[in-house]
Amino acid sequence: MTLEEWRQHWQQQVRSRWSALDERERSLVRFAGVLVLLALLWWVGLQPALRTLRDTPQRLAEVSTQLQHMRRLAQEARDLREAPTVAAAQAARALQAATERLGPAARLNLQGQQATLVVQGLPGDVLWAWLGEARNAARARPVDVQLTRSGNGYNGTVVLVLGAEAP
């Protein structure tokens, strides 16, 4: 049986069943068909579009906030690239001064163009501030960070490269 024959056979079956129904049953079948069509139209066509219209303002605000943040980061990166380099001795002094303010929770080891900060129980906001100061005052760039969070702060090491030789 070919596809065309099968289609014709199927149409004939539907027509014969349709004609076997009385007028009241035909009306009910039409009504059920219209209900199914309306439900499909709602679920496939209208509801997703209305949800998109409802959610768009919030999503646009989120994306706008993300874009502003990315632009600030890009500007900060440009500013750092254009900032004058700091001599190694001056960078080392700046890192030592910043580390001394951390107290006994941190220890700094300097070896040539590389500095290693070892921390034990240092709060995250204090570590973040130290990294910002290291970046701005000493032009140091982190190249390896191995930190674990414990109940009283962070433990681990931060390795920085000083001056223009940082990757």
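## Basis of the description

Because the model is predicted, local features need pLDDT of at least 70 and side-chain atom pairs count only at pLDDT 80 or more, while totals for chains, interfaces and linings use all residues. Residues are numbered from 1 along each chain as its sequence is written, and side-chain values use heavy atoms, with hydrogens and water left out.

## Helix H3

Helices (H or I, at least four residues) and strands (E, at least two) are DSSP runs, numbered from the N terminus. In H3, Ala-91, Ala-92, Ala-94, Leu-95, Ala-98 and Thr-99 are buried, meaning under 20% relative accessible area, with exposed being over 50% and partly exposed in between (1.4 Å probe, protein chains only). Seen down the axis of H3, these buried residues fall within an arc of 160 degrees, so they line one face of the helix; the arc is that of the directions from the helix axis to the C-beta atoms. On the other side of H3, Arg-93 and Glu-100 are exposed.

## The paired strands

Strands S1 and S2 pair in the antiparallel sense over 6 bridges, where pairing requires that DSSP finds at least two bridges between two strands. Ala-106 stands opposite Val-119 in S2. S2 also pairs with S4 in the antiparallel sense, over 7 bridges, and the bridge partner of Thr-116 in S4 is Val-159. Since 7 of the 9 residues of S2 are buried, this strand is largely enclosed by the rest of the structure.
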